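Here are some notes for a colleague going through the coordinates. Please read them with the structure open.

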Amino acid sequence: MESEITMENMKNTNVNTDKILAQLAEAIVANDEDAGMEAVEQGLGSGLNPVEMIENGLSAGMLEVGEMFEDGEIFLPQVMMASALMDRLVAEVQKEIPADEKTESDGKIVLGTVEGDVHDIGKNIVKVLLQANGFEVFDVGRDAPLASFIDKAKEVDADIIASSALMTGTMQFQATLEQMLKDAGLRDKVKTMIGGAPCTDNWAAKIGADVYAENASEAVTKARELMAM
Ligand code: HCB
């Protein structure tokens, strides 16, 4: 059994974990780059699990930003600034996630955010963790035409297609993708994973996707399960 680089098995040694995670989240909410960089340095410097810093620190801040947007407390430009800061801080933390040194790929995954949807922060985090865990990831980007998932899967002989959708309107395209795979005669050859905030296990079952992953750590675990099927 291979060990995974996830939140669960990269143990924290830091007693200030909760404090630093809260500082990371607050920096995103306050759009405070200096405070964010300081919390990143403190966290990494004291051995905090970088995956947890992303999932439970920075992402938690992004979720709070979403709630503030929903409640009308902030507007789109502030959400855009928070996401730009999120990208920069994730890039800093990501440097400390150990690269997979195996030469053989554990599986080929085509990953993208479905067409009509520009949200790619979560998709990019999923990409980082899949790569760190030995998967070869072919990123078709955001607002990606559904045909691009299929073309790339054919081109690289993919094992898994993983799609992300953040809006109730664009989740429908995950269902369309399932149908397109069937029409192309590919559904038996490739496994499918779905994710993104509005998705659920029920949605996966309803549209016939193989699995739903709630976060990037789970995406790694589920990808391994799919490879073993
Ligand atoms: Co955006 N937006 N947004 N947004 N946005 C949401 C998604 C809303 C829920 C906010 C709200 O109203 N409450 C909402 C959607 C409502 C709905 O459909 N029910 C919304 C809206 C409406 C819009 C616009 C239409 C706003 C407008 O223009 N009026 C517009 C959409 C344009 C478009 O796509 N065509 C828009 C734009 C933006 C930006 C550009 C300002 C920015 C995106 C920047 C970017 O991604 N580069 C943005 C953001 C940041 C958000 C919120 C605040 C945060 C999303 C996020 O990054 N979360 C979001 C609120 C929310 O989701 N609660 C809001 C953090 C990441 C880490 O979580 O869930 O994406 P995640 O990913 C997780 C997890 O789901 C899983 O792993 C990740 C890591 O743990 N995962 C997968 C993700 N993908 C996976 C794929 C897999 O196969 C497996 C696992």
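This is a predicted model: local features need pLDDT of at least 70, side-chain atom pairs count only at pLDDT 80 or more; totals for chains, interfaces and linings use all residues.

1. The cobalt atom of the ligand has His 119 as its only protein donor, through NE2 at 2.2 Å. His 119 sits in the loop that runs between strand E1 (108-114) and helix H5 (121-132).

2. Helix H2 (residues 33-45) has 13 residues, which at 1.5 Å a residue should span 18 Å, and this agrees with the 18 Å between its end C-alpha atoms. Its buried residues are Gly 36, Ala 39, Val 40 and Gly 43; viewed down the axis of H2 they fall within an arc of 105°, so they line one face of the helix. On the face turned away from that buried side, H2 carries the exposed residues Asp 34, Glu 41 and Gly 45.

3. The salt bridges number ten, and one of them joins Asp 106 to Arg 224, with the closest N and O atoms 3.0 Å apart. Because Asp 106 lies in the loop between H4 and E1 while Arg 224 belongs to helix H9 (residues 216-228), the pair ties together parts that are 118 residues apart in sequence. Both Asp 106 and Arg 224 are buried.

4. Lys 127 forms a salt bridge with Asp 139 at 3.2 Å between the closest N and O atoms, linking helix H5 to strand E2 (residues 136-144). Lys 127 is partly exposed at 22% relative accessibility, as is Asp 139 at 28%, and a network of salt bridges links Lys 123, Lys 127 and Asp 139.

5. Phe 69, Leu 76 and Met 80 make a nonpolar surface patch of about 310 Å². Leu 76, in helix H4 (residues 76-94), counts as partly exposed, with 49% relative accessibility.

Notes
Residues are numbered from 1 along each chain as its sequence is written. Side-chain values use heavy atoms; hydrogens and water are left out. Patches are made of residues with over 30% relative accessible area and no salt bridge: like charges are joined within 9 Å, nonpolar side chains (Val, Leu, Ile, Met, Phe, Trp, Tyr) within 5 Å. Accessible areas come from the Shrake-Rupley method with a 1.4 Å probe; for residues, only the protein chains shown count as cover. A salt bridge is a side-chain nitrogen of Lys or Arg within 4 Å of a carboxyl oxygen of Asp or Glu. Helices (H or I, at least four residues) and strands (E, at least two) are DSSP runs, numbered from the N terminus. Buried means under 20% relative accessible area, exposed over 50%, partly exposed in between (1.4 Å probe, protein chains only). Donors are N, O and S atoms within 2.8 Å of the metal (3.2 Å for Na, K and Ca); water is not among the atoms, so sites may look incomplete. The expected span of a helix is 1.5 Å times one less than its number of residues. The arc is that of the directions from the helix axis to the C-beta atoms.
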